[in-house]
Amino acid sequence: MWRPLLLTCIIFLGLSGCARHYYREVNHQVTFYLKHDTASEAHLACSLDGFQPRRATLASGRWEVTVPADRTFRYFYLVDGEPFTPACRLKENDDFGAQNCIFEPGM
């Protein structure tokens with residue numbers, strides 16, 4: 001009985017465990033962190049500046065990028081040149097058939 005459950009958990013973790021995303025707000029700035037095991041480069045694209053990619057730096061095994069956190073904005077990542085929308089609390093559909101995360105200051 002426990003083997004099918006264990007196998008299901010392993011498959012789920014294998015499919016979802018490749019990337020992990022979170023952020024921290026400090027002094028009207030937000031730093032986004034992306035743990036993506038297979039990425040050789042990562043950028044954050046956000047509506048603050050017309051979705052111009054901002055290069056993330058790799059530190060302690062995770063990609064990091066800091067932007068102003070003084071207003072609501074939309075964002076997604078480019079991982080090795082491909083759009084990547086992580087699991088996030090708020091999302092919306094974009095004009096290209098994909099989704100963007102929504103950042104709300106203080107939330």
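Me: By the distance rule, what does the disulfide count come to?

Reply: A disulfide here is a pair of cysteine sulfur atoms within 2.5 Å, and by this rule the count comes to one. Bear in mind that this is a predicted model: local features need pLDDT of at least 70, side-chain atom pairs count only at pLDDT 80 or more, and totals for chains, interfaces and linings use all residues. Residues are numbered from 1 along each chain as its sequence is written, and side-chain values use heavy atoms, with hydrogens and water left out.

Me: Which cysteines form the disulfide?

Reply: Cys88 and Cys101, with their sulfur atoms 2.1 Å apart. The pair links distant parts of the chain, 13 residues apart: Cys88 lies in the loop between strand 8 (82-84) and strand 9, Cys101 in strand 10. Strands are DSSP runs (E, at least two residues), numbered from the N terminus. The torsion about the S-S bond is about -95°, so this disulfide is left-handed.

Me: Is Cys101 buried or exposed?

Reply: Buried means under 20% relative accessible area, exposed over 50%, partly exposed in between (1.4 Å probe, protein chains only). Cys101 is buried at 0%, while Cys88, at 21%, counts as partly exposed. As for strand 10 (residues 99-103), four of its five residues are buried.

Me: Which residue stands opposite Cys101?

Reply: Two strands pair if DSSP finds at least two bridges between them. Strand 9 (residues 91-93) pairs with strand 10 over three bridges, antiparallel, and Lys91 is the residue opposite Cys101. These two strands form a hairpin with five residues between them, and Gly97 in the turn has a positive phi of about 85°.
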